[in-house]
Amino acid sequence: MWLYMCPSNSGLDDPRLNPGLEDLARLGCERVLIFVAEKDSLIAVGRNYYEKLKKSGWKGSVEIVENEDVEHCFYLHDLNSEKAVELLHKFVSFLKQD
């Protein structure tokens, strides 16, 4: 879909999907939570973003949650599935942190 929406991009390494380390180091937040899905074609992008953010010099905390055996936007297909509810609880918990 990304390649279709932005045909002039440089693939999955496009700076809109994969910002440079200097951009990451200047993030204006203190925490980042990244969700990835095992069967999502963008899982490598999410993992790479996590690794780059950790190495960027950014002073915040970053966490990645890998959802096994599911595809992109799995939670939209069944909002009441166990994995969708777990994702929601994790996200709410992240938002409630001080």
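This is a predicted model: local features need pLDDT of at least 70, side-chain atom pairs count only at pLDDT 80 or more; totals for chains, interfaces and linings use all residues.
Q: Why is Lys 54 called partly exposed?
A: The relative accessible area of Lys 54 is 45%. Buried means under 20%, exposed means over 50%, and partly exposed is in between (1.4 Å probe, protein chains only). Residues are numbered from 1 along each chain as its sequence is written, and side-chain values use heavy atoms, with hydrogens and water left out.

Q: What makes Glu 51 and Lys 54 a salt bridge?
A: The rule asks for a side-chain nitrogen of Lys or Arg within 4 Å of a carboxyl oxygen of Asp or Glu. Here the N to O distance is 3.9 Å, so the pair passes the rule of within 4 Å. Both residues sit in helix H3, three residues apart, which is about one turn of the helix. Glu 51 has 32% relative accessibility, so Glu 51 counts as partly exposed.

Q: How many salt bridges does this rule give?
A: The count comes to five.

Q: How do you know that Arg 47 forms a salt bridge with Glu 66?
A: Check the gap: the closest N and O atoms are 2.7 Å apart, and the cut-off is within 4 Å, so the pair qualifies. This pair links distant parts of the chain, with Arg 47 in helix H3 and Glu 66 in strand E2, 19 residues apart. (Helices are DSSP runs of H or I with at least four residues, strands are runs of E with at least two, and both are numbered from the N terminus.) Arg 47 is partly exposed at 38%, and Glu 66 is partly exposed at 42%.

Q: What makes Asp 69 exposed?
A: Asp 69 has 51% relative accessibility, so Asp 69 counts as exposed. Asp 69 also forms a salt bridge with Lys 39, with the closest N and O atoms 2.9 Å apart. That pair joins distant parts of the chain too: Asp 69 is in the loop between E2 and H4, Lys 39 is in the loop between E1 and helix H3 (43–55), and they are 30 residues apart. Lys 39 has a relative accessible area of 48%, so Lys 39 is partly exposed.

Q: Which phi values are positive in residues other than glycine?
A: Asp 69 has phi near 60°, and so does Cys 73. Cys 73 lies in the loop between E2 and H4 and is partly exposed at 23%. Just after H3, Gly 57 takes a positive phi of about 95°.

Q: Why is Asn 67 called buried?
A: Asn 67 has a relative accessible area of 10%, so Asn 67 is buried. Asn 67 sits in strand E2. Leaving out residues up to four places away in sequence, Asn 67 touches Phe 35, Val 36, Ala 37, Glu 38, Phe 74 and Leu 87 (contact means heavy atoms within 4.5 Å).

Q: What puts the buried residues of H5 on the same side?
A: The buried residues of H5 are Ala 84, Leu 87 and Phe 94. They cover an arc of only 90° around the axis, so they are on the same side of H5. The arc is that of the directions from the helix axis to the C-beta atoms. The face turned away from that buried side carries the exposed residues Glu 82, His 89 and Lys 96. What covers the buried residues includes strand E1 (31–37), strand E2 (61–67) and H4.

Q: Why is Leu 76 called exposed?
A: Leu 76 has a relative accessible area of 56%, so Leu 76 is exposed. Leu 76 lies in helix H4 (residues 74–77).
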